[in-house]
Amino acid sequence: MISENIKRIKSEIPEDVTLVAVTKYQSLEATQAVLEAGIFDLGESKVQDFLKKYEVLGDQPRWHFIGHLQKNKVKYLIGKTFLIHSVDSIELMDVIEKEGKKQGIVTDVLLQLNLAREDSKSGILEENLQTVLNELSGYQFIRIKGLMAMGPLTQNNDKIREIFVDLKRIYDKIKEESVGEVIQMNYLSMGMTDDYTIAIEEGSNMIRVGRKIFS
Ligand SMILES: *Cc1c(COP(=O)(O)O)cnc(C)c1O
């Protein structure tokens with residue numbers, strides 16, 4: 001049951017770790033059950049599905065967009081999200097900046113890194129991160145609030161942990177070196193159903209959990 005699953009997860013994680021309930025494949029009813037269980041951070045990965053739920057639920061939840069975002073869909077998200085977790089290119093940031101400027105709205109985002117270097121995943125490669133960060137100083141309508149990454153697809157916990165340790169190291173480094181108006185490192189979004197325990201041990205303060213809530 002949704003509320004019991006949420007209660008169990010909440011009891012396992014520290015209070016300062018935000019639980020984002022990933023409602024991406026869930027019906028409106030199941031999504032509402034999450035709100036009734038007291039979780040207001042919801043993760044969606046398809047713009048179309050998100051907009052349908054937004055029509056009904058509006059700004060009551062804090063909406064997290066966690067899926068790959070196409071540039072031509074950015075305009076539908078501006079002003080509606082608490083956080084876009086999946087910003088993975090300068091081109092996408094340019095569009096968010098441009099659309100935000102049109103509407104006079106600043107968008108908070110996380111940079112998604114592809115530390116596991118898996119072809120199936122989007123995300124910025126570590127060697128390209130500095131170039132992306134250098135581009136940021138000119139932006140007025142986009143704020144980088146942290147980093148997101150997915151653990152590698154493996155059963156090997158050491159390999160998973162390695163990726164999370166890497167992400168935390170990069171997060172701390174950026175936090176130390178580049179805090180300002182545009183870059184404010186507040187959120188380290190790592191950990192899903194299968195790996196959130198490891199992620200929290202390695203410094204995550206925001207986990208994105210789907211299956212464990214709805215199974
Ligand atoms: C689907 C998804 C999740 C949730 O995954 P579960 O394994 O169901 O917990 C988290 N993050 C992203 C980016 C996702 O696409």
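**Salt bridges and the ligand site**

Lys168 has a relative accessibility of 25%, so it counts as partly exposed. The cut-offs matter here: buried means under 20%, exposed means over 50%, and partly exposed is in between. Keep in mind that this is a predicted model.

Which residue does Lys168 pair with in a salt bridge? The partner is Asp172, with the closest N and O atoms 2.8 Å apart. Both residues sit in helix 7, four residues apart, which is about one turn of the helix. Asp172, at 32%, is also partly exposed.

The structure has 14 salt bridges. One of them joins Glu12 and Lys212, at 3.6 Å from N to O. Glu12 is in helix 1 and Lys212 in helix 9, so this pair links parts of the chain 200 residues apart. Another is between Asp108 and Arg143, at 2.8 Å. Asp108 is in strand 5 and Arg143 in strand 6, so the pair ties together parts 35 residues apart in sequence. Asp108 is buried at 16%, whereas Arg143 is partly exposed at 28%.

Now the ligand. Lys24 lies in the loop between strand 1 and helix 2. UniProt, in an unreviewed entry, lists Lys24 as the modified residue N6-(pyridoxal phosphate)lysine. A polar side-chain atom of Lys24 is 2.8 Å from a ligand oxygen. A polar side-chain atom of Arg211 also lies 2.8 Å from an oxygen of the ligand. Taken alone, the ligand exposes 390 Å², and the protein buries 89% of that.

Methods: Residues numbered from 1 in each chain as written. Predicted model: local features only at pLDDT ≥ 70, side-chain atom pairs only at ≥ 80, totals over all residues. Heavy atoms only, no water. UniProt positions renumbered as here; feature names shortened; annotations may be inferred. Helix = DSSP H or I, 4+ residues; strand = E, 2+ residues; numbered from the N terminus. Polar contact = N/O pair within 3.5 Å; in protein donor to acceptor, adjacent residues only side chain to side chain. Areas by Shrake-Rupley, 256 points an atom, 1.4 Å probe, with all protein chains shown as cover. Salt bridge = Lys/Arg side-chain N within 4 Å of Asp/Glu carboxyl O. Buried < 20%, exposed > 50% of the residue type's maximum accessible area, 1.4 Å probe, protein only.
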